[in-house]
Amino acid sequence: MVAHCLRGLPDEACGLLVGSYGGDEATHIFPTANAAASAMVYEIDPKEMLGVDRQAQALGADIMGVFHSHTHTDAYPSPTDVAQALDPGWHYVLVSLRDTHPVVRSYLITAGTITEEPVEVPGLAGPGAGEPEGSL
């Protein structure tokens, strides 16, 4: 996930999280193209999303969230991110590339209310790794 975001620079990068809908652990990550090709916003092409949904179903899983990078800001949902957060059961993971070390944070966004949740990214540990620790 982090590597995909770094490869996407200077634009935002994005992808989908697959696991049990409403669960706390993504079992698969599907990097996608940023159809907006922008450093300010991201967009997942509906056809690509449908393809990931079919792959998730084949795995006996569901799309359970989305991730994207912020190239110059904190790993916190922007007003645009909040407006686009239509599924209250999804996890919204942000990867900030603003500083030397990527910062990963996850949120639940329900009716405009942002709640940070614990996140653990394998291979990314320590301060700035998305504390508080735990599982997404």
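This report describes the nonpolar cores, cysteines and aromatic pairs of a predicted model.

In soluble globular proteins, nonpolar side chains tend to be buried together. The largest nonpolar core of this model has 20 residues, and L16, V18 and V66 touch the most other members. Two or more residues of this core come from each of β1 (14-19), α2 (46-58), β3 (62-70), β4 (91-96) and β5 (103-110). Another core, of 11 residues, lies apart from the largest one; L17, V95, L97 and V104 are among its members.

Leaving aside residues up to four places away in sequence, the contacts of V18 include A26, F30, V52, A56 and I63. V18 also touches the residues T27, H28 and D62.

## Cysteines

A disulfide is a covalent bond between the sulfur atoms of two cysteines. The structure holds zero disulfides. The closest cysteine sulfur to that of C5 belongs to C14, and at 8.4 Å it is too far for a bond, because a disulfide requires sulfur atoms within 2.5 Å. C5 is buried, at 0% relative accessibility, and C14 is likewise buried, at 0%.

## Aromatic pairs

The model contains two aromatic pairs. In one, the ring centres of Y76 and Y107 are 5.4 Å apart and the planes stand at 80 degrees, so the pair is edge-to-face. This pair links distant parts of the chain, 31 residues apart: Y76 lies in the loop between β3 and α3 (79-84), and Y107 in strand β5. Y76 is partly exposed, with a relative accessible area of 45%, whereas Y107 is buried, at 2%.

In the other pair, the ring centres of W90 and Y92 are 6.2 Å apart, and the planes are at 45 degrees, so the pair is tilted. Both W90 and Y92 are buried.

Methods
Residues numbered from 1 in each chain as written. Predicted model: local features only at pLDDT ≥ 70, side-chain atom pairs only at ≥ 80, totals over all residues. Heavy atoms only, no water. Core = buried A, V, L, I, M, F, W, Y, C linked by side-chain atoms within 4.5 Å. Buried < 20%, exposed > 50% of the residue type's maximum accessible area, 1.4 Å probe, protein only. Helix = DSSP H or I, 4+ residues; strand = E, 2+ residues; numbered from the N terminus. Contact = heavy atoms within 4.5 Å. Phe/Tyr/Trp six-rings, centres within 6.5 Å; stacked < 30°, edge-to-face > 60°.
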